[in-house]
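Me: I'm new to this structure and would like a short walk through it. Can we take it piece by piece?

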Amino acid sequence: AYTKRYLPYFIYSIILVLLLCFIFLNRYWLINRIPLTEKIGLVGNYSLTDLPEELEKKISLGLLDLATITATDSGKKYTAVINKDIYWHDKTKFTANDVNYNFKDVKISIHNSQTIVFDLKTSYSPFPSLLSKPLFKKKLIGLGEYKTIKYQLKQGYLESIAITLNKTADRPVIKLYKFYPTEEIARLAFKLGEINTLENISSIEGLAGNNLKISKKPNFKQLVGIFFNLNSPELSEKKIRQAIAYAIPDIFSDYTPALSVISPLSWAYNSEVKPYIQDLINAKKMLPPGKSLTISAVPQYLKETEVIADILRKLGMAVNVRPEDRLPLNFQALVTAQNIPDDPDQYFLWHSTQQETNITKYNSKKVDKLLEDGRRYIQKSDRLSAYLEFQKTISEDVPVIPLYYPYLYTISR
């Protein structure tokens with residue numbers, strides 16, 4: 001009788017418990033299906049055809065990653081055979097007809113759906129590095145790990161872009177990138193909570209806080225150095241430039257010191273070039289009396305420039321520091337950062353024919369030949385020999401004093 005009397009309550013209790021469990025599990029499942037959005041800030045003006053490199057490589061891949069590249073005809077012909085079963089984010093198959101590179105003085109021929117041939121007028125061994133640029137279809141449809149969800153433009157420039165993994169996840173994560181024209185505006189946006197993470201900024205000034213996570217990494221794609229104008233009579237003599245190099249103090253211990261003009265991450269890096277360790281006695285001996293020098297510097301490098309100027313003044317040089325808002329067309333010495341290409345080919349930076357990009361006006365028949373050989377040689381070992389000697393010669397001639405690789409900071413809350 002007791003069991004019969006309370007059996008309905010027992011059954012109702014079990015049903016209630018099962019119902020509550022169902023509601024809880026269903027709510028948990030629903031919560032975990034709601035995408036988690038990361039709001040990330042980047043600095044710069046970008047368009048649909050000019051994305052930040054790191055973001056570009058998240059969304060898509062270049063032909064170098066999608067095909068087997070073979071060089072023939074002494075480096076004047078490159079044949080790319082596309083790997084099988086590659087698909088765009090819209091599920092359509094990737095073929096040779098989708099390759100939309102546009103190179104000057106390069107004839108592009110499609111032999112079949114999997115094969116594309118590039119014919120160059122002259123030998124150019126760095127050409128495969130150009131094929132690393134990610135490929136896109138319209139509306140930023142790519143081939144990479146992440147796919148584009150949406151983007152917003154204003155006057156042709158990106159205001160924001162949202163991406164997510166191109167695969168099913170337990171809880172989707174959306175990376176919403178917002179773009180700001182300057183670091184000052186981006187830092188303000190971070191302070192106001194418009195973004196939760198600010199990536200790849202050169203300074204975290206004014207952003208300190210107990211609940212903030214700050215990380216930094218050397219930017220091996222940029223070299224901060226003292227660049228000399230070799231057309232200046234005060235600096236045309238190599239001994240003067242070497243004397244200045246010997247005078248530079250080790251004030252950059254907080255950074256990764258730079259020894260060469262080629263990145264230490266490169267396969268062609270020469271770690272055995274001539275180092276200029278501070279030697280004030282030798283520097284004073286090498287400096288003729290009565291020398292003067294004007295050192296130009298953009299704002300972020302003024303502090304280092306003043307320290308360098310003070311050292312040179314103690315050696316008897318009359319040194320003037322000139323602040324610059326942007327890269328000046330005319331200078332004697334300039335403290336700035338120069339971008340380093342991924343490939344060791346630095347023809348456009350140091351060859352004597354490159355008047356617009358060879359800012360030091362460096363003119364060396366030996367270096368010209370080494371840079372030409374570096375482009376002409378197909379074998380990596382031959383290119384390596386040319387670039388090792390190129391770095392050694394640059395270090396000896398001192399058109400630039402490499403100082404350090406600047407940091408890139410990421411801050412998040």
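Reply: A cut-off to start with: a residue is buried when its relative accessible area is under 20%, and exposed when it is over 50%. Keep in mind that this is a predicted model.

Me: OK, T115 then. Buried or exposed?
Reply: T115 has a relative accessible area of 14%, and the limit for buried is under 20%, so T115 is buried.

Me: Where does T115 lie, and what is it in contact with?
Reply: T115 lies in strand β5, residues 115-120. Leaving out neighbours within four places in sequence, its contacts are T79, A80, V81, A96, S109 and I110.

Me: Switching to the nonpolar cores. How many residues are in the largest one?
Reply: The largest nonpolar core has 60 residues, and I244, L312, W350 and F390 have the most contacts inside it. Helix α6 gives the most to this core, with six residues.

Me: What does I244 touch?
Reply: Not counting residues up to four places away in sequence, I244 touches F228, L235, L293, L312, M317 and I401. Another core, of 22 residues, lies apart from the largest one; Y78, A96, V99 and V106 are among its members.

Me: Now helices. How do α10 and α11 cross?
Reply: The axes of α10 (residues 365-376) and α11 (residues 380-397) come within 9 Å and cross at roughly 155°. Angles over 145 degrees count as roughly antiparallel, so that is how α10 runs relative to α11. The crossing of α10 and α11 is left-handed.

Me: Which residues meet there, between α10 and α11?
Reply: From α10 there are K366, V367, L370, L371, D373, G374 and R375, and from α11 there are R383, A386, Y387, E389, F390 and T393. The residues of this contact divide into six nonpolar, two polar and five charged.

Me: Different topic. Which residue other than glycine has a positive phi near 55°?
Reply: That is S74. S74 sits in the loop between β2 (67-72) and β3 (77-82), and is exposed, with a relative accessible area of 53%.

Me: And what is the phi of K361?
Reply: About 60°, a positive value, although K361 is not a glycine. K361 lies in the loop between α9 (347-350) and α10, and counts as partly exposed at 28% relative accessibility.

Me: Last one: where is S232 found?
Reply: S232 is in the loop between β11 (222-228) and α6 (238-247). At 8% relative accessibility, S232 counts as buried. The C-alpha atoms of S232 and T360 are separated by 9.7 Å, with the two residues 128 residues apart along the chain.

Terms used. Residues are numbered from 1 along each chain as its sequence is written. This is a predicted model: local features need pLDDT of at least 70, side-chain atom pairs count only at pLDDT 80 or more; totals for chains, interfaces and linings use all residues. Side-chain values use heavy atoms; hydrogens and water are left out. Helices (H or I, at least four residues) and strands (E, at least two) are DSSP runs, numbered from the N terminus. Buried means under 20% relative accessible area, exposed over 50%, partly exposed in between (1.4 Å probe, protein chains only). Contact means heavy atoms within 4.5 Å. Axes are lines fitted to C-alpha atoms, for helices over the stretch in contact, and angles run from 0 to 180 degrees between N-to-C directions. Angles under 35 degrees count as roughly parallel, over 145 as roughly antiparallel, 65 to 115 as roughly perpendicular and the rest as oblique. A crossing is left-handed if the near helix is turned anticlockwise from the far one by less than a right angle, and right-handed if clockwise. Ala, Val, Leu, Ile, Met, Phe, Trp, Tyr, Cys and Pro count as nonpolar, Asp, Glu, Lys and Arg as charged, and the others, Gly among them, as polar. A nonpolar core is a set of buried Ala, Val, Leu, Ile, Met, Phe, Trp, Tyr and Cys residues joined through side-chain atoms within 4.5 Å.
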